[in-house]
Amino acid sequence: MDFDLTPEQELIRDTVRTFARDRVQPVAAELDREGRFPYELVAELGELGLMGIPIPERFGGAGGDTVSYALAIEELARVDSSLAITVAAHTSLGTMPILLFGTDEQRERWLPDLAAGRRLAAFGLTEPGAGSDAGNTRTTAELRDGTWVVNGSKIFITNAGTDITWGVTITARTGEDEISSLVVETGTPGYGISPPMKKLGWRASDTRELSFENCVVPEGNLLGERGAGFRQFLEILDGGRISVAAMGLGLAEGAYELAFAYAREREQFGRPISSFQAVQFRLADMATEIEAARGMVYRAAWLKDQGRPFAREAAMAKLYTGELSARVASAALLIHGGYGFMEESAISRLYRDQKVLEIGEGTNEVQRMVIARHLGLP
Amino acid sequence: MKIAVCVKQVPDATAAKRIDPETKRLDRSGEAALNATDLNAVEEAIRLKEAQGGEVVLVSLGPERALESLRKALAMGADRAVLVADEAAAGSDLVATSRILAAALEREQADLVLFGQASSDGDGAVLWAAVADRLRRPLISQVAALTTDGSTVTGKRQTEHGYDTISAPLPAVVAVSDAINEPRYPSLKGIMGAKSKPQETLSLADLGVDAAEAGEAGSRTTVLALGPPPARGESLKIEDDGSAAQKILDYLVERRLL
């Protein structure tokens with residue numbers, strides 16, 4: 001048994017940690033306040049090869065493993081969840097469908113720009129009426145005279161409307177009991193993108209509502225087999241959960257570190273509050289649970305890298321880190337007292353950014369459903 | 001042009017430093033990193049190579065695990081690494097270290113040898129002078145800007161009074177300050193490729209250095225005693241309510257320091 005990272009994984013973690021500290025930390029609060037998409041940071045991450053970590057080199061990616069990818073997302077989320085979700089949604093949700101289900105021709109055409117971060121990709125699954133019940137998609141695509149005609153809408157779609165967005169992979173009903181995946185490129189007539197949605201957290205990330213009105217998409221934009229959409233999106237979500245779990249882990253670490261530093265510095269009753277057992281126990285509990293979460297996240301990623309089943313562990317890691325990050329962010333804010341309630345405190349941003357980790361890429365309840373199914377429950 | 005960069009693995013800046021009272025040596029078992037100004041030297045070497053072609057070789061003295069830290073410089077773009085790792089070299093002071101590094105550098109015959117100005121652990125800031133002396137090469141230190149035409153090297157040397165611009169014929173030794181550049185982040189491709197770059201581990205015997213000339217035996221300094229820094233004397237904390245400048249001034253005048 002070996003709990004050590006490889007030298008490469010360690011170096012990737014250290015590089016992203018330094019990048020997050022030196023380049024992201026100084027601007028994170030401002031980006032959040034202004035709800036400004038971090039184009040400059042995305043470009044820098046692209047230069048470093050961090051916008052396509054698990055994409056093979058022959059498609060312009062870095063050819064890294066899932067553990068490296070999870071480490072990078074964790075380190076970004078420690079400092080700025082908006083940037084972390086931008087990278088995670090682009091990689092796991094936007095780019096992966098092309099890599100996993102695309103033909104060689106589609107992959108060679110689309111992946112190099114995506115893997116380099118020159119363009120961003122989105123994944124359009126959720127609809128106003130189809131959230132946890134994502135199979136209940138109402139968007140339709142009808143094959144007419146050699147083209148798909150798409151009608152319907154999607155909601156809460158990350159990265160769909162940036163200046164460098166290439167397009168979106170959507171699920172659409174292509175028959176009575178048939179869902180398929182289609183690529184819709186930005187700028188396609190009939191494809192409408194709403195203004196950025198206003199959110200409680202992740203404010204510097206790009207989130208949109210999409211509408212399709214007789215939107216005509218080339219027949220060749222079908223991803224994989226017709227009718228494979230349901231199975232495909234489940235597979236994408238399984239992998240995506242690892243990166244969202246890494247975000248929960250990273251956010252919990254970031255919140256813990258803020259609380260730890262504040263507790264040592266803040267004096268009440270003539271001594272630092274870190275010398276009070278009540279505060280010490282809180283920090284001890286946080287550190288313990290974070291350690292457990294780290295084991296779960298890395299193991300799920302490692303299983304995927306080994307080519308072994310990982311969906312159960314990924315769902316468990318996602319569920320655990322979602323709820324853990326809520327506990328840690330809440331306790332960390334309380335340690336900050338009144339200062340934590342102020343908008344300018346870093347912990348208040350992490351607290352806001354946390355909530356969606358229990359909602360996006362499957363709510364806590366959906367994770368429990370997935371886990372229960374893996375346990376063999378009917 | 002062939003450029004050798006002398007680098008050192010040091011305890012990570014965030015780790016608490018501890019000196020082992022038994023050996024009187026720095027405890028190097030914790031988190032480690034490449035010395036910060038050495039990264040400036042590596043960056044400068046890579047830039048020269050990118051502009052003019054050539055090879056960048058890392059030269060280091062340290063324990064086997066120092067290879068981990070050398071990987072970072074390889075990931076940034078250095079071509080290969082040479083690590084002198086030998087139990088007999090542990091505890092080497094400036095004199096012994098310069099002897100070992102000079103032997104390793106003789107073997108490389110580089111046109112330009114770069115150093116970071118100082119290591120964050122020993123903080124001696126003289127090793128480059130000792131190495132240049134042993135190699136009988138000209139030396140420019142505290143360099144904040146560097147150019148070379150292939151036969152001479154010109155450095156802008158930072159001093160208390162301004163800049164000295166100094167030229168020296170190659171081969172030469174240059175110690176750079178952290179003002180010279182902003183070290184790049186290693187790219188993911190660089191990181192993945194670092195493993196397959198040549199990494200050579202040498203013993204003292206490989207370099208023809210007698211073990212008696214290295215380590216504590218070959219050192220000319222002896223650590224007699226170690227102690228914690230003296231407790232901070234009387235201090236005054238001034239909260240700035242707009243009058244802090246005046247209070248500081250009064251304090252200094254009162255003590256006849258102004």
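1. In this predicted model, the C-alpha centres of domain 1 of chain A and domain 3 of chain A lie 20 Å apart. The domain assignment divides chain A into domain 1 (7–120), domain 2 (121–227) and domain 3 (230–374).

2. The size of an interface is often given as the accessible area lost when the parts come together. For domain 1 of chain A and domain 3 of chain A, that area is about 2200 Å², with 61% of it on carbon and sulfur atoms. Three residues stand out on the domain 1 side: Glu74(A), Arg78(A) and Phe101(A) supply 28% of the area that domain 1 of chain A buries against domain 3 of chain A, more than any other three residues. In terms of contacts, 25 residues of domain 1 of chain A touch 26 residues of domain 3 of chain A.

3. Between domain 1 of chain A and domain 3 of chain A there are three salt bridges. A salt bridge is also found between the side chains of Arg78(A) and Glu257(A), at 2.4 Å from N to O. Seven residue pairs are in polar contact across the interface of domain 1 of chain A and domain 3 of chain A, with both residues at pLDDT 80 or more.

4. Which helices of chain A each supply at least two residues of the side of domain 1 that touches domain 3? They are α1 (7–34), α3 (66–79) and α4 (81–101) of chain A. By class, that side of domain 1 of chain A has 17 nonpolar, three polar and five charged residues.

5. The contact between the chains comes next. Chain B and chain A bury about 1400 Å² between them, and 68% of this is on carbon and sulfur atoms. In chain B, the residues that lose the most area to chain A are Tyr185(B), Leu188(B) and Ile191(B), together 49% of what that side buries. Eleven residues of chain B are in contact with 20 residues of chain A.

6. Between chain B and chain A the count is one salt bridge. The side chains of Glu8(A) and Arg71(B) meet in a salt bridge, with an N to O distance of 3.8 Å. The count of polar contacts between chain B and chain A is one residue pair, both residues at pLDDT 80 or more. On the side of chain B that touches chain A, α2 (66–76) and α5 (188–194) of chain B each supply at least two residues. The largest share, four residues, comes from α5(B). This side of chain B divides into six nonpolar, one polar and four charged residues.

7. Over all chains, the whole structure holds 42 salt bridges. One of them joins Arg107(A) to Asp104(A), with the closest N and O atoms 2.9 Å apart. Both residues lie in helix α5 (residues 104–115) of chain A, three residues apart, or about one turn of the helix. Are the two partners buried or exposed? Arg107(A) counts as buried because its relative accessibility is 16%, under the 20% cut-off. Asp104(A), at a relative accessible area of 41%, is partly exposed.

8. Lys154(A) and Glu127(A) form a salt bridge through their side chains, at 2.8 Å from N to O. This pair links distant parts of the chain, 27 residues apart: Lys154(A) is in strand β3 (residues 147–158) of chain A, and Glu127(A) is in the loop between β1 (120–124) and β2 (140–144) of chain A. Both Lys154(A) and Glu127(A) are buried.

9. In chain B, the side chains of Asp121(B) and Arg28(B) meet in a salt bridge of 2.9 Å, N to O. Asp121(B) lies in the loop between β8 (112–116) and α4 (127–135) of chain B, and Arg28(B) in the loop between β4 (25–26) and β5 (32–34) of chain B, so the pair ties together parts that are 93 residues apart in sequence. Asp121(B) counts as buried at 18% relative accessibility, whereas Arg28(B), at 36%, counts as partly exposed.

10. Chain B also has a salt-bridge network. Lys2(B), Glu55(B), Arg80(B), Arg107(B), Glu108(B) and Glu200(B) are joined into one network by salt bridges that share partners.

Technical notes. Residues numbered from 1 in each chain as written. Chains lettered and ligands numbered in written order. Predicted model: local features only at pLDDT ≥ 70, side-chain atom pairs only at ≥ 80, totals over all residues. Heavy atoms only, no water. Domains from an automatic or database assignment. Contact = heavy atoms within 4.5 Å. Buried area = accessible area lost by both parts, 1.4 Å probe. Salt bridge = Lys/Arg side-chain N within 4 Å of Asp/Glu carboxyl O. Polar contact = N/O pair within 3.5 Å; in protein donor to acceptor, adjacent residues only side chain to side chain. Nonpolar A, V, L, I, M, F, W, Y, C, P; charged D, E, K, R; others polar. Buried < 20%, exposed > 50% of the residue type's maximum accessible area, 1.4 Å probe, protein only.
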